[in-house]
Amino acid sequence: MVRGGGNGEVELSVGVGGGGGGAGGPVEPPVPISLGRLILAGMVAGGVQYGWALQLSLLTPYVQTLGLSHALTSFMWLCGPIAGLVVQPCVGLYSDKCTSRWGRRRPFIMTGCVLICVAVVVVGFSADIGAALGDSKEECSLYHGPRWHAAIVYVLGFWLLDFSNNTVQGPARALMADLSGKYGPSAANSIFCSWMALGNILGYSSGSTDKWHKWFPFLRTRACCEACANLKGAFLVAVLFLCFCLVITLIFAKEVPYKRIAPLPTKANGQVEVEPSGPLAVFQGFRNLPSGMPSVLLVTGLTWLSWFPFILYDTDWMGREIYHGDPKGTPAEASAFQDGVRAGAFGLLLNSIILGFSSFLIEPMCKRLGPRVVWVSSNLLVCIAMAATAIISWWSTKEFHEYVQHAITASKDIKIVCMVLFAFLGVPLAILYSVPFAVTAQLAANKGGGQGLCTGVLNISIVIPQVIIALGAGPWDQLFGKGNIPAFAAASAFALIGGIVGIFLLPKISRHSFRAVSTGGH
């Protein structure tokens, strides 16, 4: 429903249905569900996010130990935007129309989880698989050269993991909306995001410990030293946790099988009208965007350009610029690098905790200040924080010796400041995960519908910045000296530009009707 405000603002009352019938027609009403069962039905989100947190915190640093240069690691992350652009829309479309007796969503969730387990095992054991395929048989503690077979296996597993994560995310979120019933999609979304927050906390906690090789000594092999064995242990626990969460979801999420009973749309000449589907439908939707949506897309793209360098390189930054380690250096430098990576994972744990608490404050802040002010303010906070990373790095080096990670000393106080910075960034990250999607939903409601299409178009404005960073961050850093500071400095500039553009171009949304919508994840 749309109501005009006296000051020219548009006050919106956004209603969101459950799962909806998709393109194929109506769906039978879901089986009534208790709140307890609804909570347990969303548990798979926690299992998926557990592995995703490990992926974010550990895998960029780890692949450098296999021979991939720092400049090339960013290319590895191209799978994320490709999966988001192709896999999620297609899986969403097919799950809408799925007529399996197991339901519309559960077959896709189970398939995706099985693939995640396979991918995690491939990534964790990539060093051993590489050794079996012909890499050096020399003891890993003595050999520090490239292991290209292991690197190739790792990248293939990494890409499979990203595609599998995207296969699960969409149907899992739709399942919660399908089952929400009297509790409504808002409650279902809150439950889903809570599970994801718990998965983040557990995953980052797991990634921050260096005891896995001691608890499970059999994980260490000639090709896999302590850091690799710790990675194995964390990921194997992630597999067990995901399987447990999947079983709970499959048991407590009782879906009604979908029956397509609506006739296919036809043209005037009687031919069946084929509607665009998947990514094509999203791209064609640019022609029918609500008023104000292009500005939202522009500011969203600039905002994500400011975030992706830190998301991809945060733990690597801790290992290189703060702990002054080198994954391919001497044993002491390699050990310092791994210490920094684990400290970064702990920082991400603090970030997730602050993000979780901040999520509850987004709606009150937007109702008091307006979503535009909150969004622009978050960009300015990110601008300051990204600039601070460069200042902290310079402060920690004391002296320069060609490259910043070759500095002589590091201060304990600086490491504490870094943890504070990680925690501080939880606040603007909570805004990023909520406000753009809520503004998009309200603009779509202003037009009278099309929220799914608008969200799909918004996803493109997230995908394109990730492609830009994945292709450009590594070479950009290489150009200025192999560290992470150049990418973070560029991120600060993008955040500032996004804030300035947002002040003048973001649509004015009524504070009184604002409802936060959190994406909760990657």
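Helix α2 covers residues 44-64, and its 21 residues reach 31 Å from the first C-alpha to the last, close to the 30 Å expected at 1.5 Å a residue; the expected span is 1.5 Å times one less than the number of residues in the helix. The model is a predicted one, in which local features need pLDDT of at least 70 and side-chain atom pairs count only at pLDDT 80 or more, while totals for chains, interfaces and linings use all residues. Residues are numbered from 1 along each chain as its sequence is written, and side-chain values use heavy atoms, with hydrogens and water left out.

- Helix α2 is mostly covered, with 21 of its 21 residues buried, where buried means under 20% relative accessible area, exposed over 50%, and partly exposed in between, using a 1.4 Å probe and protein chains only.
- Helix α19 also has 21 residues, and its reach from first C-alpha to last is 30 Å, close to the 30 Å expected at 1.5 Å a residue.
- The buried residues of α19 include I485, P486, A487, F488, A491 and S492, and A495, G498, G499, V501 and G502 are buried in this helix too.

**A buried asparagine**

- N200 lies in helix α8, which covers residues 184-207, and counts as buried because its relative accessibility is 11%.
- Leaving aside residues up to four places away in sequence, N200 touches Q49, A53 and S352, where contact means heavy atoms within 4.5 Å.

**Cysteines**

- A search of the whole structure finds 1 disulfide, a term that here means a pair of cysteine sulfur atoms within 2.5 Å.
- The disulfide is formed by C224 and C228, whose sulfur atoms are 2.0 Å apart, and both of these cysteines are buried.
- The torsion about the S-S bond of C224 and C228 is about -105°, so this disulfide is left-handed.
- The sulfur of C245 is too far from any other cysteine sulfur for a bond, because the closest one, in C113, is 8.8 Å away; C245 is buried, with a relative accessible area of 0%.
- C383 is buried as well, with a relative accessible area of 14%.

**Aromatic rings**

- The structure holds 12 aromatic pairs, in which rings of Phe, Tyr and Trp (its six-membered ring) have centres within 6.5 Å, and planes under 30 degrees apart count as stacked, over 60 as edge-to-face and the rest as tilted.
- W317 and F422 form a tilted pair, 6.5 Å centre to centre with 40° between the planes.
- This pair links distant parts of the chain, since W317 is in helix α12 (residues 293-322) and F422 is in helix α15 (residues 412-424), 105 residues apart.
- W317 counts as buried at 0% relative accessibility, and F422 counts as buried at 0% relative accessibility.
- The rings of W317 and F488 have centres 6.0 Å apart and planes at 70°, so this pair is edge-to-face.
- Because W317 lies in α12 and F488 in α19 (residues 485-505), the pair ties together parts that are 171 residues apart in sequence.
- W212, W215, F216 and F218 form one aromatic cluster.

Methods. Helix = DSSP H or I, 4+ residues; strand = E, 2+ residues; numbered from the N terminus.
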